[in-house]
Amino acid sequence: MPPLRAAIAGTGFIGAVHARSARLAGARVVGVAASSPETARQAAGALGAERAFDSAEELVAAADVDVVHICTPNHLHVPLALAALAAGKHVICEKPIALDPADAHSLLDAADEAGVVAAVPFVYRYYPTVREARERVRGGRTGAVRLLHGSYLQDWLLRPDDDNWRVDARLGGASRAFADIGSHWCDLAEFVSGHRIVRLSARLLTAVPERVGSAGRKAFAADGGQGEARPVTTEDAALVQFETDGGALGSAVVSQISAGRKNRLWLELDGADEALAFDQERPEELWCGRRESVTILRRDPATLSPEAARFAFLPGGHPQGYADCFDAFVAEVYASVTSEAPVDGMPTFADGVRAAELTDAVLASAREARWVDVVAPVGALAG
Ligand SMILES: NC(=O)c1ccc[n+]([C@@H]2O[C@H](COP(=O)([O-])OP(=O)(O)OC[C@H]3O[C@@H](n4cnc5c(N)ncnc54)[C@H](O)[C@@H]3O)[C@@H](O)[C@H]2O)c1
């Protein structure tokens, strides 16, 4: 079978990660598109793409493309994904797939109608230690899940001169911190526990009411703000409490203004017999607490359960990380394009819809200062 032909719209932080993963998975990166033809030309050289498209619209419809990766600012996800699906392409669309639930549902419907693979990179699912945690819950080792708690903390938007297109609600959406990273935390909490969040109460904090900088600045790039001060309408941080369909309670603090924390997704699960803790910045370890003893389980394919070991590419003691998760995710999406074999745990547009519903509930709860029921998921939780 000839290699899949991938094309990538958006060549910033995550577009480059997608390009690497696509190549590692054996695809040809036939082209990229960026905010201008010139930027695309430069990016094509840097990312090893065969050519630069003049626009993302041209890229998503190109005849020689099998899989479109959408890695642009959020407001472009829906029009680009709809155009790609209409052209019969398989789509990997970055989160959030849409800025509201109605648009997210329309993407899911379009993908179903097109009969193609449509995936969303909730890539933290691909850490072997995360799979191990999920196996411990599924196999009954933790006992019934009673509490889910943790945080997702970053600091790259700490100061008034930190800026990015995400801050602007027209480009990033009405929710920033929760939609951007809280969605990852909730996806992971539901994925590991097998529970679904059914009700939640949220409070939002905009600690930096004005920012001075360029909305065009790349994510995580601290280049010093210049220009007019702009009012901020999106949240810097969110606090969410919730109940699940399995009778558990939970809470999460989500923040992009926590000094010193770079990408600290922390998830803790308390079961009747065992508690588990996963820290994205120390992903080689899973903390397993029992009343009699505490074990630090290390990522080692020789000792992990088979479901976790299939994502452990290196021997124990040879650390894997974030990029490896992306590689595993893209490889799995491509495998599901080329074969009918069922895949366990691959995040799809149904999970993108789920994130949009949770974000909508968080915004409604914060606005109305009350508990809000979350719309039921459209699909069964993978696995
Ligand atoms: N899954 C994850 O773990 C993860 C991590 C980071 C970002 N993301 C998502 O990826 C997306 C991009 O985020 P980022 O951090 O890479 O942003 P970024 O600012 O670094 O990059 C955005 C890119 O989009 C390009 N762009 C802007 N307008 C365009 C247009 N009209 N046509 C084509 N390209 C255009 C820019 O040139 C730039 O290359 C966001 O939706 C974000 O939520 C996901």
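Visitor: Which residue is the bridge partner of Leu205 in β10?

Guide: In this predicted model, strand β7 (residues 197–205) runs antiparallel to strand β10 (residues 237–244), and eight bridges join them. Leu205 belongs to one of these bridges, and its partner in β10 is Ala237.

Visitor: Which residue in the turn of the hairpin formed by β10 and β11 has a positive phi?

Guide: Strand β10 is also joined by seven bridges to strand β11 (residues 249–255), again in antiparallel fashion. Among the paired residues, Val240 has Ala252 as its bridge partner in β11. Four residues lie between the two strands of the hairpin, and the one with a positive phi, of about 85°, is Gly247.

Visitor: Is Thr129 buried or exposed?

Guide: Thr129 lies in helix α6 (residues 128–138). Beyond its neighbours within four places in sequence, Thr129 is in contact with Phe278, Pro283, Glu284, Glu285, Leu286 and Arg299. Its relative accessible area is 0%. Buried means under 20%, so Thr129 is buried.

Visitor: How far apart in space are Thr129 and Ala312, C-alpha to C-alpha?

Guide: In sequence, 183 residues separate Thr129 from Ala312. In space, the C-alpha to C-alpha distance is 9.1 Å.

Visitor: How many nonpolar residues are in the lining of the largest pocket?

Guide: The largest pocket holds about 1,000 Å³ of space. Its lining comprises 48 residues, with Gly12, Phe13, Cys71, Thr72 and Trp165 nearest the centre. Elements giving two or more residues to this lining include α1 (13–24) and α10 (322–338). By class, the lining has nine charged residues, 16 polar residues and, for the class in question, 23 nonpolar residues.

Definitions and conventions:
Residues are numbered from 1 along each chain as its sequence is written. This is a predicted model: local features need pLDDT of at least 70, side-chain atom pairs count only at pLDDT 80 or more; totals for chains, interfaces and linings use all residues. Side-chain values use heavy atoms; hydrogens and water are left out. On a 1 Å grid over the protein atoms alone, a cavity is a set of points where a 1.4 Å probe fits but cannot get out, and a pocket is an open set with protein on both sides within 12 Å along at least five of seven lines; lining residues have an atom within 4 Å of a point. Grid points are joined across faces, edges and corners, and a volume is the space filled by probe spheres set on the points. Ala, Val, Leu, Ile, Met, Phe, Trp, Tyr, Cys and Pro count as nonpolar, Asp, Glu, Lys and Arg as charged, and the others, Gly among them, as polar. Buried means under 20% relative accessible area, exposed over 50%, partly exposed in between (1.4 Å probe, protein chains only). Contact means heavy atoms within 4.5 Å. Two strands pair if DSSP finds at least two bridges between them.
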